[in-house]
Amino acid sequence: MRRASSKLLLSHRKLPFSLLSRDFITQISTATTTHDPNHHPTLTHLKPTKFPSSDIKTHHFQTNPSHNFNTLADPHPSPGQISSRQRKIKEKSQVDEAFESAETAEEMLRAFKDMEASFDERELGLACLKLGLKLDQEGEDPEKTLSFANRALKALDRDDNRVSLPLAMALQLLGSSCYSLKRFNDSLGYLNRANRVLTRLEEEGSCSVDDIRPILHAVQLELANTKTAMGRREEALENLKNCLSIKEMTLGENSRELGNANRDLAEAYVSVLNFKEAMPYCLKALEIHKGQLGNNSVEVAHDRRLLGVIYTGLEEHEKALEQNQLSQKVLKNWGLSSDLLRAEIDAANMQIALGKYEEAINGLKGVVQQTDKDSEDRAMIFTAMGKALCYQEKFGDSKRCLEIACGILDKKEATSPVEVAEAYIEISMQYEIMNEFETAISLLKRTHSMLEKLPQEQHSEGSVSARIGWLLLLTGKVQQAIPYLESAAERLKECFGSKHFGVGYIYNNLGAAYLELDRPQSAAQMFAVAKDIMDVSLGPGHVDTIEACQNLSKAYGAMGSHPLAIKFQEQVVDAWEGHGASAHDELKEARRLLEQLKKKAQEASSKEPNIRALPLPRNSQVSTRNSQPAVSVREKLPGAV
């Protein structure tokens, strides 16, 4: 991604303002929006020779009154009258002007070599920064960019602990360079310091807030990118929310670009499967774009398509299909065939979720002819078709479709690893439904090996690891399951936090695995963690929380700790009573187990407790519930974070 800070100083043209676009512009402090709905708001950029409210020109010697040419008796003396000292000043001025007038990175590098002979390293600080920004903008040599950024920081980082905007920009540039070099921890350190510098400048009031905001926006966006690359997507959301807040303070209330920013944040929430939080941002984007551009605009079509994905995640499939169909009409009118094709595949998945299998298959047959033989779109179509046939229990036809999809995807692993991994996850789910567990596990292991090479896909790696562990546990390979489950728990805690419901399911399955290995104490610890997480994330009355509590009671029973076992079994009974008549059978069984515990002697029962590993939730990338098909979310987004 071309860095925003580079464009702050170096862009000569007005460019559109977009939150998550790869050519994002941070210079929002002087934004001048147009009210023409057919055009993006544009930004008035600072000239390339200016910092916000300060001169980027590198001739620091001019700040000394004795070096000001206007103090000379004769401003245009003849060559014979120029002293050695004055000649050096003139030479400095000339090389400085050559650097300032350079337009390309190559010209700037040549001019900079001349400057190095005339200026000391501290005087070259701003020139190093400007040259680094130019190199970062072009994005061709991050190592060289990093070198100039380091020189700029050494020159601008004062010993007296004073801070400045150029210092913040140098830190941001270092963060950007390290990000490009995949040195994410270093990037995070520089960006966090840049954020502290900007916060301090704002608190001290030594700079205009309008000068601080564009640099702060660049820093926040880089923080979001870096954390996403590290798999820390939940944390990245906070930085993206900060980016949106800066835009809200800068752009008009109903600016089209503010609509785009809201949609971008909604996409980011969808990427972490938080559909409830995504909804208001998507609706806000739709409201703004409808008001500015009308119902038949492409932006509105994209909003509706995303809204369909969100409704799918919330299992409101009729609403999802309605939004998808509205989006398709607009995309068709605008002739956007690629987007339309993806929307049609989305629609088929929604129809499958509603049980309309024949409609889905017929629709997919209609669009498959529009795809190239070895295209990813064709693989997606055969995957969806295989899913529909699988739910019709036409397993032979389903397998043939899935094999065609895998044959295409096999050739795309090197060029599109993320998309292929997502497809393999979806295909493995169909093999699970057909009880082809070995094939499903094999596909998931292949997926896992692809994802572990991609730091930004740490959340997906954790999800796949959790699914492999659950399938191994389900097929009796308990000892093999444990390392996958333990790895999944650590990965997902880092990505989504320790109280995420998915983490709770993994700990429950770890408990089941330990109990199967006759390690009831370890099992009880895992079940206790699972219950605590589910109490927070799902609520104590959720059926899976109750199941975790039931497992905890059984684990204590296996340990011979009957008072604790009875305590948790009583909680199970109370919870099922809260469900009313719909949970009659579950309540009856819970009461039977409670009475059994009360009658048990100190010695443990010879019969192994029946611990059921909870399947992982449907609305996650580690979903294993097969009662209803689920639409694959990430592959449906036009630009997920």
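This is a short tour of the structure above, stop by stop, with something to select at each one.

**Before you start**

The model is predicted, so to speak of local features a pLDDT of at least 70 is needed and side-chain atom pairs count only at pLDDT 80 or more, while totals for chains, interfaces and linings use all residues. Residues are numbered from 1 along each chain as its sequence is written, and side-chain values use heavy atoms, with hydrogens and water left out.

**Stop 1: the whole chain**

Show the protein chain as a cartoon: there are 26 helices and 4 strands. Helices (H or I, at least four residues) and strands (E, at least two) are DSSP runs, numbered from the N terminus. Of the 641 residues, 54% are buried; buried means under 20% relative accessible area, exposed over 50% and partly exposed in between, with a 1.4 Å probe and protein chains only. Taking contacts (heavy atoms within 4.5 Å) between residues at least 6 apart in sequence, 65% join residues at least 24 apart.

**Stop 2: the cores**

Now select Leu-265, Ile-310, Ile-381, Ile-427 and Tyr-507, the residues with the most contacts inside the largest nonpolar core, which has 123 residues. A nonpolar core is a set of buried Ala, Val, Leu, Ile, Met, Phe, Trp, Tyr and Cys residues joined through side-chain atoms within 4.5 Å. Which helix gives the most to this core? Helix H16 (residues 376-391) does, with 10 residues.

Zoom in on Ile-310: leaving out residues up to four places away in sequence, Ile-310 touches Val-270, Phe-275, Ala-278, Met-279 and Cys-282. Another core, of 46 residues, lies apart from the largest one; Ala-127, Leu-129, Leu-201 and Ile-212 are among its residues.

**Stop 3**

Axes are lines fitted to C-alpha atoms, for helices over the stretch in contact, and angles run from 0 to 180 degrees between N-to-C directions.

To see the contact, pick Glu-376, Thr-383, Lys-387, Cys-390 and Tyr-391 in H16, which meet Glu-419, Glu-426, Ile-427, Gln-430 and Ile-433 in H18.

**Stop 4: H18 beside H20**

Stay with H18 and bring in helix H20 (residues 458-474): here the axes come within 12 Å and cross at roughly 15 degrees. H18 is therefore roughly parallel to H20. Show Ile-425, Ser-428, Met-429 and Glu-432 of H18 with Val-464, Arg-467, Trp-470 and Leu-471 of H20, which make the contact.

**Stop 5: two buried residues**

Is Thr-145 buried or exposed? Thr-145 is buried, at a relative accessible area of 2%. Setting aside neighbours within four places in sequence, Thr-145 is in contact with Gly-132, Leu-135, Asp-136, Leu-173 and Ser-177.

Finish at Leu-167 in helix H6 (residues 165-180), which is buried with a relative accessible area of 1%. Beyond residues up to four places away in sequence, Leu-167 touches Leu-153, Leu-156, Asp-157, Arg-162, Arg-193 and Val-197. Draw a distance between the C-alpha atoms of Leu-167 and Leu-156: these residues are 11 apart along the chain, and the atoms are separated by 5.6 Å.

How values were computed: Parallel < 35°, antiparallel > 145°, perpendicular 65-115°, else oblique.
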